[in-house]
Amino acid sequence: MRWPRWVALGLSLFVLAMVVGSSWLLIAYRTGPHTLRNYVGLGGVAAATAVLGLVISLRVPRNAVGALLTWVGATAVFLASRDVYFSAVVSDSGRLPLDSRAVAWFDESGWWLFAGVGLLLLYFPDGRLPSRRWRVLPPVLVLLGAAQQVFGAFNSTPFLEPLQDLPRPYAPMPLPLKILSGTAFAALLVALIAAAVSVVLRFRRADGRVRAQVKWLSLAGLAAVLYPFVCGAEIIITGHTGIVATIFGVLALVSLPASVAIAMLRHDLYDVDRVLADTVTYGIVTVVLLGTYAAAAGVLGVVLGRDSSVVAAAATAVCALALAPLRSRLQRSVDRRLYPPRRAALLAIEDLQRRIHTEQAQPEELESALRTALREPGLRVGLLVPGASGFVDAAGTPVSGPQLVPVMLGGAQIGVLASDVLNPAVLKAVAAGAASLVEVTRLRAELAGALREVEASRMRLIQAGDAERRRLERDLHDGAQQRLVSLGMAMRLAQRHLGDGSVDVDGLLDQGVAELATAVAELRQIAHGLRPTSLDDGLHAALSGITQSLPIPVRLQIPPDLPEELATTAYFVAAEAVTNAAKYANATAIAVRVAQSAGAVTVRIEDDGCGGAAPRPGSGLSGLLDRVAAVSGSLELRSPAGRGTTIEAVLPCGS
């Protein structure tokens, strides 16, 4: 297999770093726990940097960034190993070889670390230079790094600890070479500054992914900038650097490989604007609080004595009191500059809330306000409204998409924010700020939907009542009314001819009695449609009369005594559901259960049929919804395809 050149370079540097690092680990162990601890710490970070660089090289094989990060890690491993070797030579003189010429030539190797960082800045994040005009800078960085190594070998200043007593092997450089060395040093600094400037220029020209990646890299630069301030503040307070500076130094050291790795592999893992704004805020807060502590301790120390425990307690109290307002103000100020989407959205939410309170706007304008503030016309605000299949907006239109960020309130989800463009972390921050308005909008939508349903149900009831009235009028007119009119005419005819014997009175009376019996039967049939007479014997008897004639077994579980006002509704619900199951569901078994509690009567009908039932306009199920709603009840239909149908009506007893 042929490796791409950057993968091959990164792999070679990684192997070299691991060989050197593992070889010197045993030397560090024999030197002592202090040297071992330092080597494991620094060498571990350096090795991890090399590993991350190798991973980037393998994941993005045609990009130089991974190989350059491996270069930085390998150089750091070499520098840590070099210092361990020097410490081992001093602690056990004569056991390990040491040549002052080798020390002189390797004394300035740290410049290769700066050269690697400079090249990383130039090629980050796409592996290409910002433009062709920058192509001269990479070889210049390499040549100047080599020049610093060469000129450093002829330096006349003593070696650093622990080799400060080792004599220099070469004579000092003549004046022309010193001038050339100084010029090379200044040129290297200018080249490094130019590499940093290239990142700024790239950021200004880029958008989207590249801009986010550059922001991740800026976190490493921010940590490096804050490190001297933290060290200085700790020196002012304690007289020397300690645990705070050490921890912050490790964070600054780790920030470069971590930022580069996240930017190259998962630039959308977190909202970089949020991370950057929080880092700046807490960095400034840390420096300011350390300065405040130092100033308070100094002033109180003059009054109460430097070693007084009251001084420390009072200075700590001053910092604690300043922390909350300081952080809040700094957060707002930093967000305004570094986190504009969140700031703009929160300002839009505050403005909308103010206009709602003054009756100049409605909560339903939240979606429009967020679209304007975030400059995202595709942003949707979805509401979790009961009865809707999924999330809907304020107008009832379904809201869906691949990226839905939940809106939570009180631990429960009330809606979503949907956008294919915005970072999910931005949407999460906006969702937290907009939760109260989303809840108000949701409740208003739910109320509006309920009112619409009540109005529609009222209209359906009116229409059903009118239709039923017309049916009764037609049935009465065409049936019992005609029979009674005919009977009246026959009786009048019999009355007129009763004395002359021209009419068969007995036959006429027999015919009248038959017509009257038929009219009574028709009136009973009409009245049965309003309230079944079988309910006089109870709901169980009424439903039994229906189910006995069905070819499907129906199991009834009904309490003996039900409120009279609910028995009729329960009867029609059960009768409609059982009839539908028998006609259309191809069911083999039906169960009807009626349960009565303190506040409601529950009617539940289940079948094992084909499912897929739905209340369509004008259907029997639609009529049941209106009938149940008329007694302030609720009806739920569950009918998944192929898994049977369940209809459950809850009828409040107080209705």
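Which residues in helix 18 (residues 620-630) are buried? Let's start there, keeping in mind that this is a predicted model.

## Helix 18 and what follows

Tucked into helix 18 are five names to look up: Leu-621, Ser-622, Leu-624, Asp-626 and Val-628 are buried. When you trace the chain past helix 18, you come to Ser-632, which has a positive phi, near 65°.

## A cavity inside

Searching the whole structure for cavities of 30 Å³ or more turns up 1. The largest cavity holds about 30 Å³ of space.

Who lines the largest cavity? The residues are Leu-543, Ile-546, Thr-547, Leu-556, Ala-574, Ala-575, Val-578 and Val-592. Sorted by class, that lining comes out as 7 nonpolar and 1 polar, with no charged residues.

## A nonpolar patch outside

Over on the surface, you can pick out a nonpolar patch formed by Leu-42, Leu-253 and Val-254. Together these residues have about 240 Å² of accessible area.

Take a look at Val-254, which sits in helix 9 (residues 243-265).

Key
Residues numbered from 1 in each chain as written. Predicted model: local features only at pLDDT ≥ 70, side-chain atom pairs only at ≥ 80, totals over all residues. Heavy atoms only, no water. Patch = residues over 30% accessible without salt bridge, like charges linked within 9 Å, V, L, I, M, F, W, Y side chains within 5 Å. Areas by Shrake-Rupley, 256 points an atom, 1.4 Å probe, with all protein chains shown as cover. Salt bridge = Lys/Arg side-chain N within 4 Å of Asp/Glu carboxyl O. Helix = DSSP H or I, 4+ residues; strand = E, 2+ residues; numbered from the N terminus. 1 Å grid on protein atoms, 1.4 Å probe; cavity = no way out; pocket = protein on both sides within 12 Å on 5 of 7 lines; lining within 4 Å. Points joined across faces, edges and corners; volume = space filled by probe spheres on them. Nonpolar A, V, L, I, M, F, W, Y, C, P; charged D, E, K, R; others polar. Buried < 20%, exposed > 50% of the residue type's maximum accessible area, 1.4 Å probe, protein only.
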